[in-house]
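Here is a short report on a protein model with a ligand. Look over the sequence and the structure before reading on.

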Amino acid sequence: MSQPAKRRLRLAAGVPGVNHWTVWGAPGAGSQIDFSTFEHVARTAERGFFDYFFLAEGLRVREHKGRLHELDVAGRPDNFSVLAAVAAVTEHIGLVGTASATFNEPYDLARRIASLDHLSGGRAGWNIVTSSDAFTGANFRRGGYLDYPDRYRRAAEFVELSRALWDSWDADGPQHYRFDGEFFDTEGWFPVAPGPQGHPVLVQAGDSGDGRDFAVTTADVVFSRHGEPEAGRAFRSDIRARALAAGRDPDGILVIPAVSIVLGDTPAEAEARARETQFTQVTPQTAIHLLEQIWGVDLSAHDPEGPVPTPPDSLGDQLTHGQARRVDDPLAAAHAWHAEAVERDWSIRELVVAKTTRHEFIGTPSQIAERLDDAAQTGAADGYVLSGSVVPHGIDEFVDKVVPLLQERGVLRTSYEHPTLRENLGLGDRPWVREGALARAELAS
Ligand SMILES: Cc1cc2nc3c(=O)[nH]c(=O)nc-3n(C[C@H](O)[C@H](O)[C@H](O)COP(=O)(O)O)c2cc1C
C-alpha cells in the first residue's frame, strides 16, 4: 500500500525590524540599510527553495524615556521599495511586505502591491497589519486616530476595496469603479493592470479573536508568534475551526509562524550556542530597558547583574512607545516575574533572558529537520518564517545544512514548480474571496 503524501513545509525568510533579537553588534553583522543585506537573505533563501522573503514594518521609530529607543533599528528603507529591488536580483522567491491597513489608503497601496506583482512576475504578497497604537498614529494624524475595535472593520473594507480595484480591469482596459463604504467612498479608474496573480497573496498578522476572524474571512496565510509546536497546534486548530465556521475550506488557509532556530554539531553544542546567543541578545543595557518596559519606572540605577527590584504599587507613565504589546497587564506581569526571580535567584539579566528570548528549535541539523518535518505532519504549522539572529548571514547555515535533509525527507521542494507565489504555496491559481465581499463595489458595464 502506498504511503499517504507528506504535508509540505513552507519556508519564509525575514529580515527583522525592531527587536532585541538581532545581534547587530556581532562580528559579520551587516547593515539594516544597505541593499546587500536584503539581497543576501533573499538570494540565500531562494537557494534553499524558500516560498517567500518577508519584511515586517513599523511606521514610527520607537521611543524609550523620551528618546529614540536604543533597541530600535532606525533607517530601514520602505518595504515595497526594497521588495521591488529584490525582485530584480531573484527569479522565483515570493516577496511579502507588511503594510498597515490603518495608516494607508487602499487606492495607493493596491497600486503599489499590483506594481510589485508586475515587476516580480507574480511573486507579490501583502502582510496586512492594523498597527497597534496611537503613538504610531501621531505620524499620520488627520484629526483623530482609529479606535481599536474599528481597525479590523477598516481593514476588512480596505481589502474589499483593494480586491475591487484589482478586479476592475477587463479585456478593454480599466473600467470605472465606484465604492461606497463606511470608511471609503471612492470612484475612478484603477491605473495598474492586474498583475500575474490578479490578487497578490494576502497574509495577516494579528492575534485577538477579531484578528483571527478577520484572517479566516480575508487572508491566504496567517502569520503568528505561536512557533512552539504545542502552542502552534492549538493556534492552527483554532484558525481551522474559525475557517470552517466561516464557511471556508481550512486547507485553503496556511498558518506560518515565526521561529528561531539554533544549530550545533552536537545537541550540547546547540544548547550552548542558544544560551550564548540569548545573552548576546540581552546586553546588560538591554536587560534594564526591557525590565523598564514592564516595571514602568526608571531602573537605570540598578545593576543588571544584580537582584530584581520590587515592582511599583501602581503603574507610572508609559516609558516606551511603539512596541508591539506582548504583555496585557504589565503590573501583574511585573509581580509574577519578580516572584519567579526571587524563587530562582535570578539577576535582572537572567530574568529578562528567561522571559523575553526564545528559540523554538535547538539541535543538530538532523534533529531540526526531523522536528520541522514532525511539526508539519502533526499540524503545528504549515511552515515557518525564519530570521537569523545575525543578519544577513544567520540563515546560511540553515540553508546549507538543514535544507538538504528536509528535501531528503520529501517535505521541501527541490525546484520551484510554478511562476507565482500563490501557486508555489499550493493555494491554486485563484484567490479565495468571501462571498459577498465585493458587494459594495460597482463596476460600469
Ligand atoms: C505575528 C505578528 C506580527 C506583527 N507584525 C506587525 C508589523 O510588522 N507591523 C505592525 O505595524 N504591526 C504588526 N503587528 C500588529 C498587528 O497588526 C496588530 O495591530 C496587533 O497585533 C493588535 O491586534 P490584535 O489584538 O488582533 O493582535 C503584528 C502582530 C502579530 C501577531
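## Model basis

This is a predicted model: local features need pLDDT of at least 70, side-chain atom pairs count only at pLDDT 80 or more, and totals for chains, interfaces and linings use all residues. Residues are numbered from 1 along each chain as its sequence is written, and side-chain values use heavy atoms, with hydrogens and water left out.

## Ligand site

The ligand is surrounded by 17 residues. Glu57, Tyr148, Tyr152, Asp207 and Ser208 are the closest. A residue counts as near if one of its heavy atoms lies within 4 Å of the molecule. By class, the shell holds six nonpolar, eight polar and three charged residues. Here Ala, Val, Leu, Ile, Met, Phe, Trp, Tyr, Cys and Pro are nonpolar, Asp, Glu, Lys and Arg are charged, and the others, Gly among them, are polar.

For Tyr148 the distance is 2.4 Å. For Tyr152 it is 2.5 Å, and for Ser208 it is 2.6 Å. On its own, the ligand has 610 Å² of accessible area (Shrake-Rupley method, 1.4 Å probe). The protein covers 84% of that area.

## Helix pair

Helix 2 (residues 79–89) packs with helix 3 (residues 106–119) at an angle of about 10°, and their axes are 9 Å apart. Helix 2 is therefore roughly parallel to helix 3, a label for angles under 35 degrees. Axes are lines fitted to C-alpha atoms over the stretch in contact, and angles run from 0 to 180 degrees between N-to-C directions. Helices (H or I, at least four residues) and strands (E, at least two) are DSSP runs, numbered from the N terminus.

Helix 2 contributes Phe80, Leu83, Ala84 and Ala87. They meet Leu109, Arg112, Ile113, Leu116 and Leu119 in helix 3. Contact means heavy atoms within 4.5 Å. This contact has eight nonpolar, no polar and one charged residues.

## Backbone features

The peptide bond from Val391 to Pro392 is cis, with omega near 10°. Pro392 sits in the loop between strand 18 (383–386) and helix 13 (396–408).

Lys65 has a phi near 50°, a positive value in a residue other than glycine. Its place is in the loop between strand 3 (63–64) and strand 4 (67–68).

Terms used
Polar contact = N/O pair within 3.5 Å; in protein donor to acceptor, adjacent residues only side chain to side chain. Parallel < 35°, antiparallel > 145°, perpendicular 65-115°, else oblique.
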